[in-house]
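Open the model in your viewer and keep the selection tool at hand. The tour below says what to select at each stop and what is there.

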Amino acid sequence: MEKIEAGNVLHRAFSVFLFNSKYELLLQQRSATKVTFPLVWTNTCCSHPLYRESELIEENCAGVRNAAQRKLFDELGIVADELPVDQFILLGRMLYMAPSDGKWGEHELDYLLFMVRDVKLNPNPEEVADVKYVNRDQLKELLRKADAGEDGVKMSPWFRLVVDNFLMGWWDHVEQGTLQGAADMKTIHKL
């Protein structure tokens with residue numbers, strides 16, 4: 001956090017929002033062993049592109065798409081064949097900063113990727129404590145619990161920013177099959 005607050009650390013990240021054919025969003029609870037934000041509920045998958053050729057490709061955000069496919073396998077055991085990289089729809093980017101425990105935190109340019117797909121899950125317990133599909137009402141109840149401090153429910157700050165600023169409107173596009181029309185990759189939302 002010291003380096004982040006000094007303005008020395010900013011990195012690329014991605015957040016995947018995977019919906020099933022019933023338009024339920026897959027959430028994960030991060031593992032207790034995570035350095036930042038352990039045991040918080042968040043979107044389907046979030047991580048960082050690595051410094052490797054396949055994840056540095058800028059054209060059509062191919063590097064971010066490749067990183068998302070890699071990390072969905074690492075965390076949730078979803079094989080690449082079930083998540084074709086060209087099926088990820090990039091809806092936007094946001095810039096945010098969030099402390100985790102005082103020592104660690106995040107300062108990220110976060111690419112927001114969506115996909116509607118039924119997949120087979122095999123979560124990695126070193127990465128993921130729990131998973132669940134939620135509809136809008138179930139998500140609202142989870143958010144209510146987090147806000148009230150009930151049942152120890154906590155939400156990741158990046159997921160909460162997406163929920164509070166974009167998700168419900170984008171969910172309409174998920175259900176209507178019009179996600180491409182909601183995409184805005186020219187704007188970087190500073191939240």
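Start by selecting Glu-127, which counts as buried because its relative accessibility is 18% and the limit for buried is under 20%. Keep in mind throughout that this is a predicted model.

Lys-34 and Glu-127 form a salt bridge, and their closest N and O atoms are 2.4 Å apart. Now look at where each partner sits: Lys-34 is in the loop between strand E2 (25-30) and strand E3 (41-42), while Glu-127 is in the loop between strand E6 (105-116) and strand E7 (128-134). The pair links distant parts of the chain, 93 residues apart. Lys-34 is also buried, with a relative accessible area of 17%.

Next, select Arg-136 and Asp-172. These two form another salt bridge, with 2.6 Å between the closest N and O atoms. Arg-136 belongs to helix H3 (residues 136-148) and Asp-172 to helix H4 (residues 157-176), so this pair ties together parts 36 residues apart in sequence. Is Asp-172 buried or partly exposed? Asp-172 has a relative accessible area of 32%, so it is partly exposed.

Move on to Lys-145 and Asp-151. Their side chains meet in a salt bridge, at 3.2 Å from N to O. Lys-145 is partly exposed, with a relative accessible area of 21%, whereas Asp-151 counts as exposed at 64%.

Which residues do salt bridges with shared partners join into one network? The network consists of Lys-34, Lys-71, Glu-75 and Glu-127.

For the last stop, clear the selection and pick Leu-90, located in strand E5 (residues 89-99). Leu-90 is buried, since its relative accessible area is 6% and buried means under 20%. Show the residues around Leu-90. Leaving aside residues up to four places away in sequence, Leu-90 touches Cys-61, Arg-65, Tyr-111, Leu-112, Leu-113, Ala-183 and Met-185. Finally, draw a distance line from Leu-90 to Tyr-111, C-alpha to C-alpha. The separation is 7.1 Å, although the two residues are 21 residues apart along the chain.

Methods
Residues numbered from 1 in each chain as written. Predicted model: local features only at pLDDT ≥ 70, side-chain atom pairs only at ≥ 80, totals over all residues. Heavy atoms only, no water. Helix = DSSP H or I, 4+ residues; strand = E, 2+ residues; numbered from the N terminus. Buried < 20%, exposed > 50% of the residue type's maximum accessible area, 1.4 Å probe, protein only. Contact = heavy atoms within 4.5 Å. Salt bridge = Lys/Arg side-chain N within 4 Å of Asp/Glu carboxyl O.
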